[in-house]
Structures are given as C-alpha cells and as structure tokens.
Amino acid sequence: MSDQDASINKWKHMLYSYQVNPECVDDFFALETCKLALEAVELGNFGIGCIVVNPNGDIVAKGYNRVFYPYFRSDRHAEMVVMDKIEDNHRETNGMKGYTLYTSLESCPMCMARLIISGCKSIIHVADDPSGGMVHLKGNLPPMWIELARTQDFVKAKCSTELEEVAQHIFLFNAEELNERLRKRLK
C-alpha cells in the first residue's frame, strides 16, 4: 500500500468513525461534505465535497469536485456538480429560498457567482480558502453582484474544529499536484 493510500485510509477511518457533536449545529452536514471531498481525492480530483439540503432538512443533492476525473472539465467544481443536479432534477423548485448548500471549502469566484444567481438562501463552508475563496472577499464584488446576494447568507459552518481541519487537510492532500497540472495546461 502506498503512503497516499494509507493516508486516504486514515482519513476514511476517521470520517466514518467520527461522532457528530450535537453542540455544533452544522456538524452532520459538514461531515457529509468531508466524506464526499475524500471521494474526490480518491479519484484524483480536488478534495471538495458539497451537498444541498431542502427546507425540511433532507439532503437532496450530493457531489464532489470532478475537474480531472472521469475526464478534464474546468467547470466541474463541487458546487457546480451539485447545482447541475438540483437544476436538472428539481425543475419544479421555484427558486431555492429555504435551501442550504454546504461545501467543504469556501467557494471560488466562479462558484460564488453561480450560487448568487441560484438564489440559494444559505451557503455554508466548512474550511476557509484564503488563497482561492471568494466569501471573505464578497465586498469586492461588483455592485450588481453585491445587490443580488443581499438576501443570501455566505457563512462559515458551525462545526467542530476537528472537521474544519479535516476539510482543509483533504483539500490540500493533492492540491499542489493538481494545480501543477492546471499550470501545464495553460502553457
């Protein structure tokens, strides 16, 4: 077994034996995004997972980053994958008021723009992404985008510090290697 496989197995064991902390209101959903993020890593994608929860608290869509596998698609970020499922499979939904999207990592500019347009009420991220995330830079959006997002909540999850750290580690697990692959595509 390679070191990489051993590390993935370690994270898998941790996630599947983790006991949800009832004092952390987002812990269950944060855990689900981390499990999906690990699935993405196992397939050779960026370690980001995402779910959408309806107003009744049911998970109605799940997904993870698919930029590199099964084939290269620059738009297959976890949030995009999940929003495609929602918009394709829940056409009767008149807007997304009352829905919550959970993502294991703070959304990038492309995903944030789509989530603003979606009208999803709450967008909750488990781990910050200081170098690529847009939520912490929301005030720098063009005025029209700020106006469109005024009724939405882009916030950090109220989950355990342990899950936040796991989400960060899973994202960083192969990020350097995958970023290098992206750089080579642009040369």
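Is Lys156 buried, partly exposed or exposed? In this predicted model, Lys156 counts as partly exposed, at 29% relative accessibility (buried means under 20% relative accessible area, exposed over 50% and partly exposed in between, with a 1.4 Å probe and protein chains only). The model is a prediction in which local features need pLDDT of at least 70 and side-chain atom pairs count only at pLDDT 80 or more, while totals for chains, interfaces and linings use all residues. Residues are numbered from 1 along each chain as its sequence is written, and side-chain values use heavy atoms, with hydrogens and water left out.

The chain comprises 7 helices and 5 strands (DSSP runs numbered from the N terminus, helices being H or I of at least four residues and strands E of at least two). Read from the N terminus, the order of these elements is α-α-β-β-α-β-α-β-α-β-α-α. The radius of gyration of the chain, taken over C-alpha atoms, is 16 Å, close to the 16 Å given by the globule rule for 187 residues, so the chain is as compact as a globular protein of that length. The globule rule is 2.2 Å times the number of residues to the power 0.38. Along the principal axes, the C-alpha trace spans about 50 × 45 × 30 Å.

Of the 187 residues in the chain, 47% are buried. Among contacts (heavy atoms within 4.5 Å) with a separation of 6 or more, 63% are between residues 24 or more positions apart. The accessible surface of the chain amounts to about 10000 Å², and carbon and sulfur atoms contribute 51% of this area; accessible areas come from the Shrake-Rupley method with a 1.4 Å probe, and for residues only the protein chains shown count as cover.

The chain carries 21 positive and 26 negative side chains, with the centres of the two sets 6 Å apart. In this count Lys and Arg are positive and Asp and Glu negative, whereas His and the chain ends are not counted; the place of a charge is taken as NZ of Lys, CZ of Arg, CG of Asp or CD of Glu. Side chains of opposite charge can pair when their charged atoms come close. The structure holds 11 salt bridges, a salt bridge being a side-chain nitrogen of Lys or Arg within 4 Å of a carboxyl oxygen of Asp or Glu.

One of these pairs joins Glu164 to Lys156, with the closest N and O atoms 2.6 Å apart. Glu164 is partly exposed, with a relative accessible area of 27%. Salt bridges with shared partners also connect Arg76, Asp84, Glu87 and Arg114 in one network.

A further salt bridge is formed by Asp153 and Lys121, whose closest N and O atoms are 3.4 Å apart. This pair links distant parts of the chain, 32 residues apart: Asp153 belongs to strand E5 (residues 153–156), and Lys121 to the loop between helix H4 (109–118) and strand E4 (122–127). Asp153 is partly exposed at 34% relative accessibility, and Lys121 is partly exposed with a relative accessible area of 34%.

Within helix H2 (residues 27–42), Glu32 and Lys35 lie 3 residues apart, about one turn of the helix. These residues form a salt bridge with the closest N and O atoms 3.4 Å apart. Glu32 is buried, with a relative accessible area of 13%, and Lys35 is buried at 16%.

Asn179 is located in helix H7 (residues 175–186) and counts as partly exposed, at 30% relative accessibility. The C-alpha atoms of Asn179 and Tyr16 are separated by 28 Å, the two residues being 163 residues apart along the chain.
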